[in-house]
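The following exercises are to be worked through with the sequence and the structure at hand. Each task is followed by a solution in steps.

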Amino acid sequence: MKKLVLALSLAGVALTSCANSQDSTDLIPSLEKLAEQGNAEAIYHIGMAYQTGAGLPQNPEMALASFREAAALGDVLAAYKLGCYYDGQGQGLIANDPDLALQHKLVAAEAGYALAQQDVAALYARQGDYDSAIAWIERAAAQGWGQALATYASIYNGAEGITPDPVLTAAYFQLFIQRNGGSEEQTDWLDDFRSSMSADDRQAADRIVSSYRPTPTELTMKALSGQRAAELLVTN
């Protein structure tokens with residue numbers, strides 16, 4: 001049976017992660033006022049503006065400094081971004097350091113951020129700690145994070161050191177397609193894969209799909225809201 005081929009694998013997820021939404025120019029003055037008062041979230045949003053050039057001149061060094069400051073003050077999304085800098089986004093400012101990347105991303109993962117949970121899974125997989133990797137990818141998949149659903153399916157389709165499980169492969173790849181829109185090739189692959197399964201296994205996969213209810217955390221929803229989170233911050 002042809003193996004499931006995905007653009008993402010457990011070991012490579014973090015390479016395409018670390019992207020968050022940004023704030024518009026008119027928010028910057030209000031954010032700067034809050035930042036002067038030591039508001040960690042405001043400092044984080046300013047860091048995002050510096051990183052992307054949305055509202056402020058693009059300046060990776062200032063972005064990094066903002067993320068460091070906000071993370072030290074307890075902002076978990078800033079801790080995640082700091083982890084991204086240690087995980088290949090350092091742009092020559094700091095050297096890659098998988099241990100520090102994991103340390104900072106764990107802060108956001110433990111707080112409930114699905115993207116951080118996915119990245120932490122990838123970092124553990126690089127270390128060969130597959131039990132921890134699977135535990136974290138499961139948490140991201142439970143939130144409905146699309147890449148995590150696809151990765152979870154791929155893991156149980158024959159990842160190194162993992163016993164294949166056709167039920168989990170079929171169920172989670174179907175959930176990925178349903179929630180994210182799969183390509184014709186992916187849909188055809190799933191149809192072929194299901195045709196190779198026993199009737200009992202197909203029924204078991206269908207039960208997983210029908211009972212699945214994504215439960216994104218408040219932190220994940222906040223991170224996805226991007227500019228809206230900054231607007232709420234300055235208006236509250």
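**Exercise 1.** Determine where Gln143 is found, and whether Gln143 is buried or exposed.

*Solution.* The model is a predicted one. Step 1: Gln143 is located in the loop that lies between helices H7 and H8. Step 2: the relative accessible area of Gln143 is 7%. Step 3: buried means under 20%, and Gln143 is therefore buried.

**Exercise 2.** Identify the side chains with which the side chain of Gln143 makes polar contacts, including those of Gln117 and Thr220, and state the distances.

*Solution.* Step 1: the side chains of Gln143 and Gln117 make a polar contact of 3.0 Å. Step 2: a polar contact of 2.7 Å joins the side chain of Gln143 to that of Thr220. Step 3: Gln143 and Thr220 are 77 residues apart along the chain, with their C-alpha atoms separated by 8.5 Å. Step 4: when residues up to four places away in sequence are not counted, the residues that Gln143 touches include Gly112, Tyr113, Tyr212 and Pro214.

**Exercise 3.** Explain why H9 is described as largely enclosed, and state what covers its buried residues.

*Solution.* Step 1: eleven of the 15 residues of H9 are buried, and H9 is therefore largely enclosed by the rest of the structure. Step 2: among these buried residues are Val167, Leu168, Tyr172 and Phe176. Step 3: their cover includes helices H7 (130-142), H8 (146-155), H10 (184-195) and H11 (199-211). Step 4: the largest nonpolar core has 77 residues, and Leu31, Tyr113 and Tyr172 have the most contacts inside it. H9 gives the most to this core, with nine residues. Step 5: apart from neighbours within four places in sequence, Tyr172 is in contact with Ala141, Leu149, Tyr152, Ala153 and Ile208.

**Exercise 4.** Find which helices are linked by the salt bridge of Glu41 with Lys222, and classify both residues by accessibility.

*Solution.* Step 1: in the salt bridge between Glu41 and Lys222, the closest N and O atoms are 3.0 Å apart. Step 2: Glu41 is in helix H2 (residues 40-52) and Lys222 in helix H12 (residues 218-225), so that distant parts of the chain, 181 residues apart, are linked. Step 3: with a relative accessible area of 15%, Glu41 is buried. Step 4: Lys222, at 33%, counts as partly exposed.

**Exercise 5.** Show which parts of the chain are tied together by the salt bridge of Lys105 and Asp87.

*Solution.* Step 1: the side chains of Lys105 and Asp87 meet in a salt bridge, at 3.0 Å from N to O. Step 2: Lys105 lies in helix H5 (residues 98-111) and Asp87 in helix H4 (residues 76-89), so the pair ties together parts 18 residues apart in sequence. Step 3: Lys105 and Asp87 are both buried. Step 4: a network of salt bridges links Asp87, Lys105, Asp119 and Arg126.

Notes
Residues numbered from 1 in each chain as written. Predicted model: local features only at pLDDT ≥ 70, side-chain atom pairs only at ≥ 80, totals over all residues. Heavy atoms only, no water. Buried < 20%, exposed > 50% of the residue type's maximum accessible area, 1.4 Å probe, protein only. Helix = DSSP H or I, 4+ residues; strand = E, 2+ residues; numbered from the N terminus. Contact = heavy atoms within 4.5 Å. Polar contact = N/O pair within 3.5 Å; in protein donor to acceptor, adjacent residues only side chain to side chain. Core = buried A, V, L, I, M, F, W, Y, C linked by side-chain atoms within 4.5 Å. Salt bridge = Lys/Arg side-chain N within 4 Å of Asp/Glu carboxyl O.
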